[in-house]
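Welcome, and thanks for bringing your viewer along. Please load the model, switch to a cartoon view and keep the selection tool at hand.

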Amino acid sequence: MNKNFKKAKLSNNNIIDIELENGKKINANILFTFEENGDQFIMYEIDEIAYGAKIKEDNSLAAIEEDEWNLVEKIFNEWMAENIESDE
């Protein structure tokens, strides 16, 4: 669920511009953002695969810490359950 990114820029239209470590630039769809324990997180999608990252104060992205993944996965699974139910 983590993508190796070099830098990223959030936009206001549910798209995030990401530059990967290999220099390739891609656009990703923002699924949702959330705040927990004073930290902000983002879940986004590239080619129908979900990824997560932490949003830093300057709106750039950072890798999610190992000890935060359980929380992120729990919130993502809850979001998926709500969206799958609402789509049916």
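Select Ile-18 to begin: Ile-26 in β3 stands opposite Ile-18. Before you click further, note that this is a predicted model, in which local features need pLDDT of at least 70 and side-chain atom pairs count only at pLDDT 80 or more, while totals for chains, interfaces and linings use all residues. Residues are numbered from 1 along each chain as its sequence is written, and side-chain values use heavy atoms, with hydrogens and water left out.

Now widen the selection to strands β2 (residues 15-20) and β3 (residues 25-36), which run antiparallel and are joined by five bridges. Two strands pair if DSSP finds at least two bridges between them; strands (E, at least two residues) and helices (H or I, at least four) are DSSP runs, numbered from the N terminus. Four residues lie between β2 and β3 in their hairpin, where Gly-23 takes a positive phi near 90°.

Next, pick Lys-25, which sits in strand β3. Is Lys-25 buried or exposed? Lys-25 is exposed, at a relative accessible area of 65%; exposed means over 50%, buried under 20% and partly exposed in between (1.4 Å probe, protein chains only). Leaving aside residues up to four places away in sequence, Lys-25 touches Ile-18 and Glu-19, where a contact means heavy atoms within 4.5 Å.

Show Ile-30 and you will find its bridge partner, Tyr-44, in β4. The hairpin of β3 and β4 has two residues between the strands, and Asn-37 there takes a positive phi near 55°.

Time for the rings. Which residues form one aromatic cluster? Select Phe-32, Phe-34, Phe-41, Phe-76 and Trp-79 to see that cluster. The structure holds five aromatic pairs. In the pair of Phe-34 and Phe-41, the ring centres are 5.1 Å apart and the planes are at 15°, so this pair is stacked. Rings of Phe, Tyr and Trp (its six-membered ring) pair if their centres lie within 6.5 Å; planes under 30 degrees apart count as stacked, over 60 as edge-to-face and the rest as tilted. Phe-34 and Phe-41 are both buried.

For the last stop, select Glu-68, in the loop between β6 (61-62) and α1 (69-87). Glu-68 counts as buried because its relative accessibility is 11%. Show its contacts too: not counting residues up to four places away in sequence, Glu-68 touches Asp-39, Phe-41 and Lys-54.
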